[in-house]
Amino acid sequence: MANTKNKRRVADNEAMAKLRMVRISPIKLNLVAEMIRGKKVQRAPDDLSFSRKRIAKDVYKCLYSAASNAENNHGLDLDSLVVSEAYVGKNLVMKRFRARARGRGAKILKPFSELTIVVRQVEDTEEAA
């Protein structure tokens, strides 16, 4: 028996890209994700390229992937795409320790995050609003 087709996780006028296992804290990644939320896909890369944050390059790649998915896989118009959602989630935390005085140890936490970007095709009337 063949499996039935899985339902899409996003609407027909949307496309999504995920960036997983990014070695940065979710709070720092969310600062960069806030910069592109609600912006047009053609303008968001400019903001990311001038950002001084290290993670901005990876967010740029994820945004480019979401736009490419929209264009190639779903046939959406690249000129009318908007970043509708850009949200950050926690992933695993590597735990290390540093030797301290008198035989003690101190925790070192190395967090990982994941980023999800959803782009949506909007009509001209929605862009004006």
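Reader: On what basis are residues numbered and values computed here, and which pLDDT do local features need?
Author: Residues are numbered from 1 along each chain as its sequence is written, and side-chain values use heavy atoms, with hydrogens and water left out. Because this is a predicted model, totals for chains, interfaces and linings use all residues, side-chain atom pairs count only at pLDDT 80 or more, and local features need pLDDT of at least 70.

Reader: What is the order of the strands in the open sheet?
Author: Helices (H or I, at least four residues) and strands (E, at least two) are DSSP runs, numbered from the N terminus, and two strands pair if DSSP finds at least two bridges between them. E1 and strand E3 (residues 105-121) pair in the antiparallel sense over 7 bridges, while strand E2 (residues 81-99) and E3 pair in the antiparallel sense over 16 bridges. The open sheet of 3 strands therefore has the order E1-E3-E2.

Reader: Which strands stand at the edges of this sheet, and by how much are neighbouring strands turned on average?
Author: E1 and E2 each have a single partner strand, so one side of each lacks a neighbour in the sheet and both stand at the edges. With axes as lines fitted to C-alpha atoms, for helices over the stretch in contact, and angles running from 0 to 180 degrees between N-to-C directions, neighbouring strands are turned against each other, direction ignored, by an average of 10 degrees.

Reader: Which residue in the hairpin of E2 and E3 takes a positive phi?
Author: Ala99 has Gly105 as its bridge partner in E3, and Lys95 has Leu109. The hairpin has 5 residues between the strands, and the residue with a positive phi near 60 degrees is Arg102.

Reader: At what angle does H1 run to E2, and at what angle does H3 run to E1?
Author: H1 lies across E2 and E3, running at about 165 degrees to E2. H3 lies across E1, E2 and E3, and its angle to E1 is about 150 degrees.

Reader: Which residues of H1 are buried, and how wide an arc do they cover?
Author: Buried means under 20% relative accessible area, exposed over 50%, and partly exposed in between (1.4 Å probe, protein chains only). In H1, the buried residues are Pro26, Leu29, Val32, Ala33 and Ile36. They lie on the same side of H1 because their arc, taken from the directions from the helix axis to the C-beta atoms, is only 125 degrees.

Reader: Which residues on the other side of H1 are exposed?
Author: The cover over the buried residues of H1 includes H2, H3, E2 and E3. On the other side of H1, the exposed residues are Ile27 and Lys28.

Reader: Is Ser25 buried or exposed, and which residues does it contact beyond four places in sequence?
Author: Ser25 lies in the loop between strand E1 (14-22) and helix H1 (26-36). Its relative accessibility is 18%, so Ser25 counts as buried. Contact means heavy atoms within 4.5 Å, and, leaving aside neighbours within four places in sequence, Ser25 is in contact with Pro111 and Ser113.

Reader: How far from the centre of the ring of Phe112 is the charged end of Arg23?
Author: A charge sits over a ring if NZ of Lys or CZ of Arg is within 6 Å of the ring centre and within 35 degrees of the ring normal. The charged end of Arg23 sits over the ring of Phe112, and its distance from the centre is 5.9 Å.
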